Amino acid sequence: MPDKNQNRFQFSFEEFNSADLLQEKEQELVSKAKETAETAYAKYSKFSVGAAVLLENGKIITGSNQENAAYPSGLCAERVALFYAASQYPEVAVQAIAVTALKDQIPLEEPVPPCGSCRQVFVEWEKRFQQPFTVIMAGGKKIIRIEKASWLLPFNFQSDFL
Ligand code: THU
């Protein structure tokens with residue numbers, strides 16, 4: 001019997017107009033991400049991104065985007081931070097990641113959404129550590145907080161398919 005279903009993805013997220021409304025540790029995460037954006041090597045795009053990862057052991061690991069004259073050889077801030085965190089603490093789960101950006105040295109007012117490749121890594125990390133983590137996209141006038149990183153990538157590819 002032919003059958004057709006109408007489905008829907010839904011997820012909730014929080015929106016704030018100030019980092020002061022986040023819990024203390026997450027405020028610290030946002031300010032570390034902002035500091036770290038200054039260290040970006042964004043020679044080609046002039047778009048500097050800072051990411052800060054909060055681990056279950058309370059440690060905060062940061063990363064910034066690192067570009068290359070051969071453009072695809074560069075890496076996003078989120079993955080620099082997550083890969084470094086996992087290479088230092090391979091057994092420790094991620095609790096949250098905060099992301100901020102500057103364009104031509106000026107902080108973005110709007111939150112910057114992680115790219116698709118970073119989202120794919122988020123999915124892998126949630127599966128790897130068997131727990132979801134929070135994504136905080138922090139712009140100057142708006143902060144978005146999503147409790148489960150993989151919500152950002154519906155129909156994602158996971159190891160179950162292999
Ligand atoms: N970029 C990040 O680091 N994270 C994102 O979520 C979006 C994009 C970097 C990659 C590249 O160096 C620059 O921003 C412009 O795309």
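Trainee: Which residues surround the ligand, and what makes a residue count as near?

Mentor: The ligand is surrounded by S45, F47, V49, N65, E67, C76, A77, E78, P113, P114 and C115. A residue is near a molecule or strand if one of its heavy atoms lies within 4 Å of it. The model is predicted, so local features need pLDDT of at least 70 and side-chain atom pairs pLDDT 80 or more, while totals for chains, interfaces and linings use all residues. Numbering runs from 1 along each chain as its sequence is written, and side-chain values use heavy atoms, with hydrogens and water left out.

Trainee: How many residues of each class does the shell around the ligand have?

Mentor: Seven are nonpolar, two polar and two charged. The classes: Ala, Val, Leu, Ile, Met, Phe, Trp, Tyr, Cys and Pro are nonpolar; Asp, Glu, Lys and Arg are charged; the others, Gly among them, are polar.

Trainee: What makes a pair of atoms a polar contact?

Mentor: Two N or O atoms within 3.5 Å. Within protein, one must be able to donate a hydrogen and the other to accept it, and residues adjacent in sequence count only if both atoms are side-chain atoms. Now set the ligand against that cut-off. A polar side-chain atom of E67 is 2.5 Å from a ligand oxygen. For N65, an N or O atom of the side chain lies 2.9 Å from an oxygen of the ligand. A77 uses a polar backbone atom, 2.9 Å from a ligand oxygen.

Trainee: How much of the ligand does the protein cover?

Mentor: 76% of the 370 Å² of accessible area that the ligand has on its own. Areas come from the Shrake-Rupley method with a 1.4 Å probe; for residues, only the protein chains shown count as cover.

Trainee: Which elements give two or more residues to that shell?

Mentor: β2 (47-55) and α2 (77-88). Helices (H or I, at least four residues) and strands (E, at least two) are DSSP runs, numbered from the N terminus.

Trainee: Why does E91 count as exposed?

Mentor: Buried means under 20% relative accessible area, exposed over 50%, partly exposed in between (1.4 Å probe, protein chains only). E91 has 71% relative accessibility, so E91 is exposed. E91 sits in the loop between α2 and β4 (94-103). Its C-alpha is 7.9 Å from that of F129, 38 residues apart along the chain.

Trainee: What class does K46 fall in, and why?

Mentor: K46 has 45% relative accessibility, so the class is partly exposed. K46 lies in the loop between α1 (24-37) and β2.

Trainee: Where is F155, and why is F155 put in its accessibility class?

Mentor: F155 lies in the segment after β7 (143-146). Its relative accessibility is 76%, so F155 counts as exposed.

Trainee: And N156, buried or exposed?

Mentor: Buried, because its relative accessibility is 14%. N156 is in the segment after β7. Its side chain makes a polar contact with the side chain of Q158, at 3.0 Å.

Trainee: Why do E26 and V123 get their labels?

Mentor: E26 has a relative accessible area of 5%, so E26 is buried. V123 is at 3%, so V123 is buried. E26 is in helix α1; V123 is in helix α3 (residues 116-128).
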